[in-house]
Amino acid sequence: MSETAVKATTAAPKDRAAKSDAAVNVNGLWKVFGPRASRIPGGSDAQLPREELRAKTGCVAAVKDVSFEVSHGEVFVVMGLSGSGKSTLVRCLTRLIEPTAGTVAIDGADVTSMSSAKLRSLRREHVAMVFQHFGLLPHRRVIENIAYGLEVRGVTKRERRERAQEIVDLVGLAGNEKSFPDQLSGGMQQRVGLGRALAVDPSLLLFDEPFSALDPLIRRDMQNEIIRLHHEVGKTMVFITHDLSEALKLGDRILIMRDGEVVQVGTPDQVVGAPADDYVRDFVSDVPKAKVLTLRWVLRPPAEGEAVDGPTLSPDTIVQDAARTVLDADRPIRVVEDDQMLGVVTDEDILRVIVAGER
């Protein structure tokens, strides 16, 4: 990989978390379970590995000094294996689990210092959560389940019915309004859960492994549904998963956790193209790189005398999507951003990535 490609891929403009007006800002967050847990953050034992900490103190650091930001309109994926702390982390964001130390801010409001009343308002008015287990009300029909959050808010029956019907159509449940949850498939039930979350028009949607219990084909359909809905409604989303392919498909950026700590944060192409350590490298070893890496990872400076008048492509074009254009061209493809040529790509450069990804 050329030095130019590395610099282009890791450039600051691609890191949207650098914005100060973050939708979610997490700083130095800890969640420690066990006796005298509050003594662990900032104490002499804080940096002990998880098992050593447990053996010495009887405490488990489920979330350990985690910091990140999520930009408005971003799909931010938190992934890791079972026990990595990802589900505890997402519950700390709205204090369903009380953090031991650190701060969480949502749209600039400090969640960790909120009174009980303000916290209830935040959960009711601004944040919605979609769980793996749908939590639908079995005695209520689909449209009534979707309208439930509006009912809690005190919205009139007519208004909530109108809003619920809009959401029924949005999430692909038209014709099922009068069905009860047990009359629906797992995928359809999850659509109801998603619709219920969207009905209250939250500024932030939190997903805790919502598709883990679904069959593979239904799961893929629901992933596509999330992508479609994000394009249509543009909500900020924090999505928890243990599935790398799901993370790469959905995430604008991905945070990878291990033993409660952050291992790496980056765009899908950064995680696949420049894994932070062997742990991440093992995670991404089977990923078809041509489906994830962009031309930023492939471009190189033109060789002396090499033609630089060929067709142009964006540096953010996925290698697989660029392949046909590059292979059909009779001269190098120019990779251009903001009217500036960053480098060139030829069929040899493209094939190198495709072959490497198939090994």
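This is a predicted model: local features need pLDDT of at least 70, side-chain atom pairs count only at pLDDT 80 or more; totals for chains, interfaces and linings use all residues.
I take rings of Phe, Tyr and Trp (its six-membered ring) as a pair if their centres lie within 6.5 Å, and I call planes under 30 degrees apart stacked, over 60 edge-to-face and the rest tilted. Residues are numbered from 1 along each chain as its sequence is written, and side-chain values use heavy atoms, with hydrogens and water left out.

**Aromatic pairs.** I find four aromatic pairs in the structure. One of them joins F68 and F76, which are stacked, with 5.0 Å from centre to centre and 10 degrees between the planes. I looked up the accessibility of these two phenylalanines, and both F68 and F76 are buried; here buried means under 20% relative accessible area, exposed over 50% and partly exposed in between, with a 1.4 Å probe and protein chains only. The pair of Y279 and F283 is edge-to-face, because the ring centres are 5.3 Å apart and the planes stand at 85 degrees. Y279 and F283 lie four residues apart in helix 11 (residues 278–284), so about one helical turn separates them; I take helices (H or I, at least four residues) and strands (E, at least two) as DSSP runs, numbered from the N terminus. Y279 and F283 are both buried. I also note that ring pairs link F207, F211 and F239 into a cluster.

**Helix packing.** I next looked up helix 5 (residues 142–153) and helix 7 (residues 186–199), which pack at an angle of about 30 degrees with their axes 7 Å apart. The axes are lines fitted to C-alpha atoms, for helices over the stretch in contact, and the angles run from 0 to 180 degrees between N-to-C directions. On the helix 5 side the contact (heavy atoms within 4.5 Å) is made by V142, N145, I146 and L150, and on the helix 7 side by V192, G195, R196 and A199. By class I read five nonpolar, two polar and one charged residues in this contact, with Ala, Val, Leu, Ile, Met, Phe, Trp, Tyr, Cys and Pro counted as nonpolar, Asp, Glu, Lys and Arg as charged, and the others, Gly among them, as polar.

**Cysteines.** How many disulfides are there? With a disulfide taken as a pair of cysteine sulfur atoms within 2.5 Å, I count zero. The closest cysteine sulfur to that of C59 is in C92, and at 15 Å it is too far for a bond. I record C59 as buried because its relative accessibility is 1%, and C92 as buried at 0%.
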